[in-house]
Each structure stands twice: as C-alpha cells, then as structure tokens.
Amino acid sequence: MNRFPIIRVVSKFMIPYILLFGLYVQFHGDFGPGGGFQAGVIFASAIILYGLVYGLSAAQEVAPSWLIEKLIAVGLVLYAGTGFVCMALGGKFLDYDTLEHDLWSELPHGQHLGIFAVELGVGITVTSVMVMIYYAFAGRDRVV
Amino acid sequence: MEIIVIPILALLAVTAVTIARIRNLWAAVMFTGIYSFLSASWMLILDAPDVAFTEAAVGAGIATILMLATLSLVPKNKHKGGGIQNSDFETKRLRGRSVVGSLIVALGTGAMLVYGTLDMPHFGDSHAPIQEYPRPSFVERSQGDMHGLPNVVTAVLASYRGYDTLGETAVIFTAGIAVLLILRRNTDDNDRDANLETTSSNGGGSKPIAVATTSKNSEEAAS
Amino acid sequence: MIVVEVLAWICLVAGSFFSIVGGFGIVRMPEFFSRMHAGGITDTLGAGLVVLGLLFHSDGVLPAIKLLMILFFLLVTSPTACHALAKSALSQGMRPELENDAVKSKATGS
Amino acid sequence: MMHPAMSITAVAILITMSLAMIRAMLGPTVFDRVLALNMFGTKTVLLICLVCFMMDRTDFLDLALLYSLINFIGMVALLRFSQYGGFDAIDASSDEGSTTGGTS
C-alpha cells in the first residue's frame with residue numbers, strides 16, 4: 001500500500017492502541033466482557049493489519065513464522081498443563097481450588113489464578129492460529 | 001426499547017435475504033460485515049455482551065479478511081464480469097437436474113431433526129434439566145467460589161465448564177493445523193523453486209529429489 | 001443542571017438531523033464523489049454531536065473517557081478510510097462529474 | 001436512564017442505517033458499497049453507545065470502542081483487495097515502507 005501514505009501513517013498510529021486493547025480484553029476479561037478468545041482475535045487483527053499495510057515479509061519479521069507455529073501448541077499446552085499442575089497438587093484435572101497460595105498477595109488466588117492461566121492459553125492459541133491462517137493465505141498467493 | 005429492537009430485526013432479515021440473493025461475491029462479503037454489525041447490536045440489547053464482543057471481534061475484522069482472501073484465491077472469472085453468466089448457467093443446470101433429490105434430502109433431514117426435538121422438554125419448562133441441575137445456580141455460586149469475580153460468563157467458561165473450553169481450544173488448534181496442511185506451501189524453507197517444480201504431494205521434499213524429478217520429466221518430454 | 005439538559009438535547013437532536021441528512025445524501029446524490037461528501041457529514045459531524053450529547057449524560061469519569069476515546073478513534077479512522085477510498089477510486093479511472101465537463105466524463109465511462 | 005432525546009437519536013440512526021443499506025444494495029461501483037459499509041460501521045458504534053446509555057450499562061462501552069478500532073481493519077482490507085485483487089505486489093512496497101515508517 002505504498003500509494004497510500006496516510007493509511008500507512010494512521011495504521012502505524014492505530015496498531016499500538018489495538019494491541020493495548022487486546023491486552024485489556026485479555027486481562028480484564030474476568031471483570032468485564034471479554035476473555036481469551038476475543039483478545040486473541042483482536043491481537044491477531046493488529047498483526048494482520050500490519051501485514052496488510054506493510055507487506056507480508058514485514059509482518060513475518062515482527063512475528064516470525066516458526067515462532068507462531070510453536071505458539072499454536074504452547075497455548076494448548078499451557079491450558080492442559082494448568083490441569084496437570086492441579087493434579088500434581090492433589091486435586092482433580094482443572095480443579096483450580098488447589099492453586100490457593102500465599103506467596104504474593106498481588107498475584108490472583110485459587111480459582112482466579114486458574115482462570116487467568118487458562119484464558120492466557122486460549123488467547124495464545126487463538127492469536128497464533130489466526131495469524132498463521134493469514135500467513136498461509138498470503139504466502140500462497142505470493143508463490144502462485 | 002421496542003422502537004430499536006424491531007428495526008434491527010427487520011434490517012437483519014433484509015441483510016440475510018440480500019446475502020443469499022446477491023450475485024456479486026464482493027458485495028456479499030460486505031453484507032456479511034453489515035450482518036455482523038447488526039447482530040452485535042442485537043446481542044448487546046439481549047444483555048449478552050460477551051457474545052456481542054466475540055461477534056464484534058471476529059465478524060468485522062478477521063472474517064472479512066479471510067473471506068476476501070478466499071475470493072482472491074478463486075480464479076478471477078468466477079467473481080468478476082464475464083463469469084457471471086457462466087455461474088448462472090451452472091446453477092441452472094444443477095437446478096434442473098437434482099431439485100427433487102435435494103428437496104427429499106432436505107425435508108428428510110428436517111423431519112429427523114424435528115423428530116429429535118420431540119423428546120426434549122418444552123420451551124421455558126420450569127422442570128427442564130437445564131433449570132433444575134445447578135442448584136444453587138452458577139450465578140449465585142460464582143461470587144463465593146471465584147473470590148468475587150464479577151463476570152459469571154468467564155467463570156462458567158473457564159472454570160465450571162473447563163473441560164468444554166479445553167476441547168474448544170483443541171478444536172481451534174486442530175483447525176489451524178488443518179488449514180496449514182491444506183494451504184501452506186513451504187515458502188520459508190528457501191526451496192521455493194523446488195517447491196514450484198514438484199507436485200503438492202511431496203511438497204516437503206528436499207532439493208535434490210526435486211531436481212531429479214524435474215530432470216526426469218524433461219527427459220520424458222524430450223523422448 | 002437544566003443547562004446541561006438543554007445542551008444534551010440540542011447536541012443529540014442536531015446529531016440525528018445531520019445523520020439523517022447524510023443518509024439521504026448518500027442515497028440521492030448523483031455520483032460517487034458527491035455521495036462521499038454526504039457520507040463525510042454523518043461520519044464526523046453527526047457522530048461528533050451524538051457522542052458530545054451522550055457525554056453530557058455520562059455520570060462518572062470512566063464512561064466519559066471511553067466516549068472521548070471512541071470519538072477520537074472515529075475522527076481519526078473515518079476520514080482516513082474516506083481519503084483512501086477517494087484516492088483508489090481516482091486511480092481506477094473514476095472522475096468527479098463537474099458541471100462543465102459532465103458530457104466528457106460520461107464519455108470516459110465513470 | 002431512558003431519555004426521550006436518546007430514543008429520537010436512536011431512531012434517526014436506524015433510519016440512516018437503512019439508507020446506507022439501500023446504497024450498499026444499489027451501489028453501481030464497489031466504492032459506493034465500501035463507502036456505505038464504512039458509514040454503517042460508524043452508525044453501529046453510535047447505536048451501541050446509545051443502547052449502553054439507554055440500558056444504563058455504561059461498562060459495555062468497550063464494545064463500541066472495539067468496533068471503532070476494528071472497523072478500520074475491515075476498511076483497509078477491502079481497499080487493499082479492491083486495489084490489488086490479492087496479496088501480491090506487497091513486497092515491492094515493503095522497502096519503501098520502512099523508510100516512510102522511520103520518518104513518521
């Protein structure tokens with residue numbers, strides 16, 4: 001889109017706000033509307049906007065393909081791993097009541113901590129899947 | 001509120017009919033965007049802000065981009081100019097051939113689905129399992145269980161129904177892997193030329209094999 | 001308080017007036033570039049007045065800040081999209097239909 | 001707080017939405033449709049703000065904020081695809097893009 005300088009500048013200006021809003025939805029989802037899935041989609045939208053305006057290779061410098069591929073699995077592992085940590089602490093799978101702790105009072109406790117970790121896993125998986133689908137579409141068109 | 005609700009529902013119906021009837025696929029993608037806007041407003045009025053949030057995040061941004069990307073991968077004459085008569089002809093041919101069969105299949109599926117709902121409790125029945133089971137309900141329990149987290153939807157999704165959400169995340173994971181397997185050509189492995197030569201069945205093949213197959217092909221062509 | 005109430009009424013009604021005017025403009029205007037002018041009215045003046053009217057009704061700081069942010073993003077993104085739209089329409093050969101060369105631009109097939 | 005002026009404004013916005021939809025249906029060129037869609041998005045943001053105030057649930061204004069951000073992405077995507085018809089011709093622009101980005 002190098003024929004649209006205003007779009008380039010405004011996109012550069014908007015992307016931080018979209019990323020920040022995605023983080024807000026991710027970490028504020030326990031208190032207001034939102035959660036991991038929505039946050040993941042918003043975060044991916046910001047990266048895709050960057051790719052649409054500045055080109056696929058620029059987006060792949062920001063979020064490299066190999067990293068995104070790994071992150072698809074990392075999110076799911078984080079989710080299931082929370083369940084296994086609960087089992088290791090003596091509860092059942094995904095029983096967040098075992099996550100009660102008194103290490104640091106600022107850190108969320110028990111159920112809240114479990115929800116936090118699980119939503120983070122969902123967010124990571126959704127972000128990377130959406131970005132990866134975009135890469136798949138865009139990269140295909142470039143080769144043909 | 002009725003003064004807003006009825007026009008929104010009418011606009012939703014008009015948009016849905018337009019999406020089904022319009023022949024220009026680019027315009028249809030834009031109308032799905034309009035449908036997303038309207039349904040998000042409608043879900044907000046129904047007091048379901050989480051669903052409205054999902055619709056807003058997915059419908060206006062990602063869904064539009066992915067549908068446009070799909071259209072751009074389809075051969076050009078399908079959605080621009082001269083191809084329209086061709087596709088019209090296609091639908092006419094299909095309509096003449098199999099309208100009876102598809103009608104029977106559709107009606108049969110519909111009848112089976114209606115038959116399946118006969119055993120379900122009546123709509124709004126106060127003795128239905130969905131009203132009986134969580135007693136006290138999640139809304140009353142979640143304040144104590146969740147250290148005072150106000151959003152019950154998040155509590156139900158991530159904690160009370162944690163298994164379901166794990167399954168959903170696995171579905172997203174699987175869908176992403178499937179899209180990768182179908183769509184991606186390994187452009188980032190520096191063997192783009194090799195990839196262009198070989199067929200997609202051995203897309204992961206290394207360079208020497210690709211060269212060997214191409215040389216064989218050229219030999220066959222020469223002989 | 002009555003002053004705030006009156007101001008909110010004025011802003012909301014003026015915003016809805018401009019919004020409807022722009023809506024009729026986008027349907028009734030003869031060609032693309034004049035329609036874009038009509039769309040610009042609703043996107044900036046109509047939206048600004050409506051959000052300003054709601055601002056008078058907001059109790060508390062957080063809703064007011066959110067409204068101001070919404071207004072800010074609308075005012076940034078909507079004219080940008082309109083500009084890019086006009087530019088790509090021009091680059092694809094559409095020309096604004098002026099009074100003295102209406103015949104010529106029809107001939108080029110805008 | 002159900003305010004009569006808000007009801008009037010909501011009805012006006014709904015009328016504008018239907019007018020924009022008429023243009024999106026008629027629209028002879030693709031640009032008319034994109035213009036109508038852009039207008040529809042702005043009007044949705046306003047309608048959601050109004051509904052939040054009419055239901056007295058101002059914490060749902062996040063939704064309007066999200067739409068005002070996301071609507072832009074949809075516009076950029078539509079423009080890019082109507083301009084280039086695909087993802088190609090991107091990488092030619094990326095080098096110049098870095099220099100433009102540096103100055104902005």
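Select A158(B) to start: at 1% relative accessibility, A158(B) counts as buried, where buried means under 20% relative accessible area, exposed over 50% and partly exposed in between (1.4 Å probe, protein chains only). The model is predicted, so local features need pLDDT of at least 70 and side-chain atom pairs count only at pLDDT 80 or more, while totals for chains, interfaces and linings use all residues. Residues are numbered from 1 along each chain as its sequence is written, chains are lettered from A and ligands numbered from 1 in the order in which they are written, and side-chain values use heavy atoms, with hydrogens and water left out.

**Chain B**

A158(B) belongs to helix 7 (residues 152-160) of chain B; helices (H or I, at least four residues) and strands (E, at least two) are DSSP runs, numbered from the N terminus. Show its contacts next, a contact being heavy atoms within 4.5 Å. Not counting residues up to four places away in sequence, A158(B) touches Y79(A), Y96(A), I115(A), V118(A), E119(A) and T165(B). For scale, draw a C-alpha to C-alpha distance from A158(B) to I8(B): 32 Å in space, for 150 residues in sequence.

Now colour the whole of chain B by element. Chain B has 10 helices and 0 strands. Of its 223 residues, 31% count as buried. Among contacts in chain B with a separation of 6 or more, 34% come from residues 24 or more positions apart.

Move to A28(B), in helix 2 (residues 25-45) of chain B. A28(B) counts as buried, at 11% relative accessibility. Leaving aside neighbours within four places in sequence, A28(B) is in contact with I19(B) and I22(B). The C-alpha atom of M67(B), 39 residues away along the chain, is 9.9 Å from that of A28(B).

**Chain D against chain B**

Display chains B and D together. The contact takes 39 residues from chain D and 38 residues from chain B. Together they bury about 3300 Å², 86% of it on carbon and sulfur atoms; buried area is the accessible area (1.4 Å probe) that two parts lose on being put together, summed over both.

Which residue forms a salt bridge with R57(D)? It is D47(B), with the closest N and O atoms 3.2 Å apart. A salt bridge here is a side-chain nitrogen of Lys or Arg within 4 Å of a carboxyl oxygen of Asp or Glu, and the rule finds 1 across this interface. R57(D) lies in the loop between helix 2 and helix 3 of chain D and D47(B) in the loop between helix 2 and helix 3 (49-73) of chain B, so the pair joins two chains. R57(D) counts as partly exposed at 32% relative accessibility, and D47(B) counts as partly exposed at 42%.

**Chain C against chain D**

The area buried between chain C and chain D is about 3900 Å², of which carbon and sulfur atoms give 76%. Select I26(C), K66(C) and I70(C): they supply 14% of the area that chain C buries against chain D, more than any other three residues.

The rule finds 2 salt bridges across this interface. One joins K66(C) and D62(D) (3.0 Å, N to O), and both residues are buried. The other to select is R35(C) with D32(D), whose closest N and O atoms are 2.4 Å apart. That pair crosses from helix 2 of chain C to helix 2 of chain D. R35(C) is buried, with a relative accessible area of 6%, and D32(D) is buried at 2%.

**The nonpolar core**

Finally, show all chains and select L47(D). A nonpolar core is a set of buried Ala, Val, Leu, Ile, Met, Phe, Trp, Tyr and Cys residues joined through side-chain atoms within 4.5 Å. Of the 152 residues in the largest nonpolar core, Y135(A), I4(B), F32(C) and L47(D) touch the most other members. Helix 2 of chain D gives the most to this core, with 17 residues.

What is L47(D) in contact with, leaving aside its neighbours within four places in sequence? In chain B, the partners are I4(B), I8(B) and S41(B). In chain D, they are A10(D), I13(D), L14(D) and M17(D).
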